[in-house]
Number of protein chains: 2
Amino acid sequence: MTSDEVFEAISHPMRIAILKELAKKPIRFADLKRKLRIKSGGLLDFHLKKMEAVIITDKDGLYTLNNRGFAALRAVHIVTNYGWQRRSWWLNVLMMFMLNIYFFFTAFEFYIFVAIPTFGWLLFYSYWTFVKRRVSLRSNGADQENVEVS
Amino acid sequence: MTSDEVFEAISHPMRIAILKELAKKPIRFADLKRKLRIKSGGLLDFHLKKMEAVIITDKDGLYTLNNRGFAALRAVHIVTNYGWQRRSWWLNVLMMFMLNIYFFFTAFEFYIFVAIPTFGWLLFYSYWTFVKRRVSLRSNGADQENVEVS
DNA sequence: GGAGGAAGTCAATGAGTGTTGACTTATTGG
DNA sequence: CCAATAAGTCAACACTCATTGACTTCCTCC
């Protein structure tokens, strides 16, 4: 069992759709077939077989994600929301900044109790975002989706 | 640009190796070829073309990961370490427990200042682990690698 | 100016993938 | 008992993938 087997299991749109459907709740073959509007039973069977690394059938015969399946789901989430981290960092900086401004002008005697935690949090969060998760603040040209090329 | 293009880019062992190599630093074609011990230039070219969604060539012509590439790297990390969350949760519980024990018996007057933060942290961390990340504490049979089948 | 490395491109080929539709086998309701 | 639904299996097919090795084009060093 290596990680590329898991990625193999999610490197097709239909298989990602199956993954998301199974994440909601365990489901039967025919229900899955109806839900995803797949005409051919053979086709669904083919894709389910490709996903063996991330799926188990429970005691009632329902298709269910295993731990690896939920890990794969998180992987899908990370990749589809890869722009999120940057935005969330800016939002955080803005919030911390406003909090500091507010306490500075309205309750200066408590300001130290706001400044230190917010500064500490921002330091830790920035380390986590930029060093551990290797997010870059400036887009490197790969972020724009559906860019019109003339 | 959809997420399955990214997973396509990392659903082969050689492409994951390339991804990890590029994560270290930008690199030239021939250096990458040497480093991964690939004999055929055509083969490396084939895989690099498959990875177009996650790679850019910088101003010096060096192959470099784009943001999507780093997101893919995190996805690889999550999938290869999918058992990590559970272990880390238990470790955390153990640490918090020992901290509580220690303060309870040696510095009971400060105990409240330890109990409340640790309890709060454990509550938050458990929510994050089990609800947000859908980690299950008990293995569902998909965790054992290389299980011998008789 | 020729050798040799860098950075590929390209055609060929066998293996694997995605899809269809026909077929099976078991279960259930009227 | 019959028809319908569930849950697949299987053969066939066109298409894509992974890999090889030969070839090109540019650059640099001796």
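Predicted model: local features only at pLDDT ≥ 70, side-chain atom pairs only at ≥ 80, totals over all residues.
**Stop 1: the interface of chain B and chain A**

Select chain B and chain A together. Here 39 residues of chain B are in contact with 38 residues of chain A. The two chains bury about 3,300 Å² between them, and 59% of that area is on carbon and sulfur atoms. Next pick out F7(B), N67(B) and R74(B), which supply 20% of the area that chain B buries against chain A, more than any other three residues.

Now color chain B by helix. The elements that give two or more residues to the side touching chain A are α1 (3-9), α2 (13-24), α5 (67-80) and α6 (84-106) of chain B. Of these, α5(B) gives the most, with 11 residues. Coloring that side by class shows 18 nonpolar, 11 polar and 10 charged residues.

How many salt bridges are there between chain B and chain A? The count is 0. Polar contact across the interface is found for 2 residue pairs, both at pLDDT 80 or more.

**Stop 2: the surface near DNA strand C**

At least two residues each come from α4 of chain A and from α3 and α4 of chain B. The most come from α4(A), with 5 residues. By class, this surface has 5 nonpolar, 5 polar and 7 charged residues.

Of its atoms within 4 Å of the protein, 72% belong to sugar or phosphate, and the rest belong to bases.

- R15(A): an N or O atom in the side chain is 3.2 Å from a phosphate oxygen of DNA strand C.
- D45(B): the corresponding distance to a phosphate oxygen is 2.8 Å.
- Y63(B): a phosphate oxygen is 2.8 Å from an N or O atom in the side chain.

**Stop 3**

Select R37(A), in the loop between α3 (29-35) and α4 (41-50) of chain A. Most residues other than glycine have a negative phi. R37(A) is not a glycine, yet has a positive phi of about 55 degrees. Is R37(A) buried or exposed? R37(A) is exposed, with a relative accessible area of 72%.

Finish at R37(B), found in the loop between α3 (29-35) and α4 (41-50) of chain B. R37(B) has a positive phi of about 55 degrees and is exposed, with a relative accessible area of 71%.

Note on methods:
Residues numbered from 1 in each chain as written. Chains lettered and ligands numbered in written order. Heavy atoms only, no water. Helix = DSSP H or I, 4+ residues; strand = E, 2+ residues; numbered from the N terminus. Buried < 20%, exposed > 50% of the residue type's maximum accessible area, 1.4 Å probe, protein only. Near = heavy atom within 4 Å. Polar contact = N/O pair within 3.5 Å; in protein donor to acceptor, adjacent residues only side chain to side chain. Nonpolar A, V, L, I, M, F, W, Y, C, P; charged D, E, K, R; others polar. Contact = heavy atoms within 4.5 Å. Buried area = accessible area lost by both parts, 1.4 Å probe. Salt bridge = Lys/Arg side-chain N within 4 Å of Asp/Glu carboxyl O.
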